[in-house]
Amino acid sequence: MGRKVYLDHAATTPLDPRVIEVMLPYLTEKYGNPSSFHTLGKQAKDDISESRSQIAEVLNVRSDEILFTSGGTESDNLAILGFARANQTNGKHLITTKIEHHAVLEAMIQLEKKEGFEVTYLKPDRDGLVSASQIADALRPDTIFVSVMYANNEIGTVQPIREIGNLVQKYRQEQKHTWPVFHTDACQASSFLDLDVERLHVDLLTLNGSKMYGPKGIGLLYVRRGIKLQPLQFGGSQERGLRSGTENVAGIIGMAKALTLAQRDKVNESKRLVQLRDKLINGILKSIPKTRLNGHPTTRLPNNGNISFMDIEGEALVLYLDAAGVFVSTGSACTSASLEPSHVILALGMPYEVAHGSIRFTLGHETTEKDIDYVLETLPPLVEKLRSISPVRVDEKYFA
Amino acid sequence: MSDVTSKDNKQSWFYSDIVKNHFFHPRNFIEDGEIDERRFNSIGKVGSPACGDELRVWMKVDPQSERILEFRWRTFGCGSAIASTSMASVVVTENGGMTLDEARKLKPQDIIDRLGGLPQRKIHCSVLCDKALRDAINDYYRRTEQFDKIIAEASRVIDSIAKVTDHDIETAVLEGAQTLEQVQQKTKVGIGNPSCLPAVEELIRFYKEKYFG
C-alpha cells in the first residue's frame, strides 16, 4: 500500500516521542509502587506529585484538586455517579445535552433508570450548539449537576463553557446553594482550547491522555475543593480514597508531559490545522455534490471535519477509504451493538439516512497539506462508486 | 470490534477475503441508464434508509423455464449488505440461472456460506437480500397472474430462544411500544439472547416508520 493518512485523531493520537522519553524510566528502572515505604516507592510518589503540580499549573488549580483515573470514561462516570450519589439529599435533577459522549450519557441513564434521578437532555441547535439560556431555562431548585462537553467528539462543535459556567455560578449564589455544580468533558479540547478552570468557571473537568499525544489508560478528574464525591472503586485509599488502586505511574508522568506540550503549542498548532481543516472541508463540499458539513462552520475544533455524504452508508465508505490508506471513522455507528447511527447527527435534526452517511475526519500533528491533497483526490471516485450502487436519494433540503 | 473480526481470528480485516472481493468489486449492480422497465419482468424492494439498509432488485425471468436470467440490484448498506447482495446475484444466475422454485429455497445461510462467513452482528444484512429476492419472485407471479404461487411472507422467528417473530414485534409496536425496553416488556425478545437485538431494534424502527411516520 502506498500513502497512509491517519485522520482519526479524535479516536486517539499517537504518542509524542517526547512523552515516550519521559515515560520510559517508569516502565523500566523506576518501577516502585508509590504506596511503598522505601526509596523506590518514595521516588515514584514524589514524581507523580511533581506531575500533579505540573497539571495543576496548566489548569490553574491546586494539586489536591486533581484525581488520576483510568481515562475519560472513568472520569466522567466518577464525576456524574460520584457526585449524584453523594449529594442526592439536595436534589435529584441533572442537566446535560443530547450530544454528550456515551461515557456521560450512559452514566446519566443509569441514574435515571436505576436510581430515581431525573435528567434533562438539552437539544442542540442545527449547528450542534447549546446555549447558556437553554441551561438557565432547565435549572430547577433541585438541579444538583450540569454536564456539558467542552468540544464534541463527533462534530467538533465548541460549546460556550465559560458562559454556562458563569451562569451556573451566579445561579448558585442567588439561590444561596452549594449546588448545582458544573462538569465538562474536555477530552477533545485539550490540544486546542483554554483549560484555565478559573476562567471557565467549571467545578469538575474530565481529561484523558490518549487524545493529546499522551498514553492510553490514563485520565484525570479535576474536582473543585469542597465538592463531595462517592467513590466508584474501593481498596487501598489512593487518590484521597476517591479512586483506589495503584497509580498508573508511567501514565501519569506521560499525561503531564503531553498536557504541558499540548497547551504550550495549542495556538500555533490550531492555526496550522484550521487551514488544513478548511481546505479539506471546502475541497470536499466543492468537489463532491450532495455533501453537508455537520456542526458549526467556525465554532468547531481546529482539527475536525464531519461530512455527510448523501445516499451512501458511512461504513462502506470507511472501508473503501481504508483500502486507499485513509483512516477515518463514522460517527458512532460501529461502537454500538444496536447499529444505531450517530446520536449526535440525529440530535441536529437530521434523518437516519443523513446520519448513516456521516464521516469524521480529524487531523493531527503529523497531518500535512499533501495528506489533504491525497484525500481530496482519493475521495470523489469512491463516493461516486458507492452512490452508483445505492437506491437512496436523500431529500435536497438536507444538503442544499 | 471483537465480534466484527473474522471467524478464525487469523485475518486482521473484519471480513473474509470473499466478502472483501464482492464489496470492492460488486457484481451485477444496476447502472443508472439500465433501469428500463421493459427489460425486467419483476422488481423487489425491502428495508428503508431509516433501518440503515435499503435494497432494490430487478429480475429478468425466462417465461418458459422460469429461470432467473438476470438479477440486478442497488443497495444503501454497509460492507456486508453490498457483499451479500452481490454474492446472491451470482448464486441465482450462475449455471443458466436458478428456477424461481429453486431460488425460493435459497436461505440467507447459503449466501453467508458462499461468502466464507459474516460477523455475527452483520448477519441481518444478508437476510435483507433474501427478503428482496422473495419479494421479486412474488412480483413475477403477480405479473404473470399465477396468483396461487404467491407466498405471503410467513412470520419470521427473530429470537429462536424466546420464539418471538417479526409479527410479534409488529404487534407490540402497534400496541404502542416505542422502545426496545417496551417491546421487551411485551415480548421478552432478546432477554438472554442479546445477539438478536440489532435485528429487533431495526424492526422496531421499521414498524414505527411504517405505521406512525
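In this predicted model, the largest nonpolar core comprises 76 residues, and those with the most contacts inside it are Ala316(A), Leu317(A), Leu386(A), Val57(B), Met59(B), Ala132(B) and Leu133(B). Helix 5 of chain B, spanning residues 123-143, supplies the largest share of this core, namely eight residues. When its neighbours within four places in sequence are set aside, Leu133(B) is found in contact with Gly44(B), Val57(B), Ala88(B), Val92(B), Ala103(B) and Leu106(B). A second, separate core holds 72 residues, among them Ile80(A), Met108(A), Met149(A) and Leu229(A). In soluble globular proteins, nonpolar side chains tend to be buried together.

Chain B contains eight helices and five strands, which follow one another along the sequence in the pattern α-β-β-β-α-α-α-α-β-β-α-α-α. Of its 213 residues, 44% count as buried, and among the contacts in chain B with a separation of 6 or more, 59% are made by residues 24 or more positions apart.

In chain A, seven strands form an open sheet in the order 2-8-7-6-5-3-4, with mixed pairing. Strand 2 (66-69) and strand 4 (118-122) of chain A each have a single partner strand and stand at the edges, so that one side of each is left without a neighbour in the sheet. From one strand to the next, the twist averages 20°. Within this chain, strand 3 (residues 93-97) and strand 5 (residues 143-147) run parallel and are joined by three bridges, with Ile95(A) standing opposite Val146(A) of strand 5.

Key
Residues numbered from 1 in each chain as written. Chains lettered and ligands numbered in written order. Predicted model: local features only at pLDDT ≥ 70, side-chain atom pairs only at ≥ 80, totals over all residues. Pairing = 2+ DSSP bridges. Helix = DSSP H or I, 4+ residues; strand = E, 2+ residues; numbered from the N terminus. Axes fitted to C-alpha atoms, helices over the stretch in contact; angles between N-to-C directions. Buried ≥ 20, exposed ≤ 12 C-beta atoms within 10 Å, placed from the backbone. Contact = placed C-beta atoms within 7 Å. Core = buried A, V, L, I, M, F, W, Y, C linked by C-beta atoms within 7 Å.
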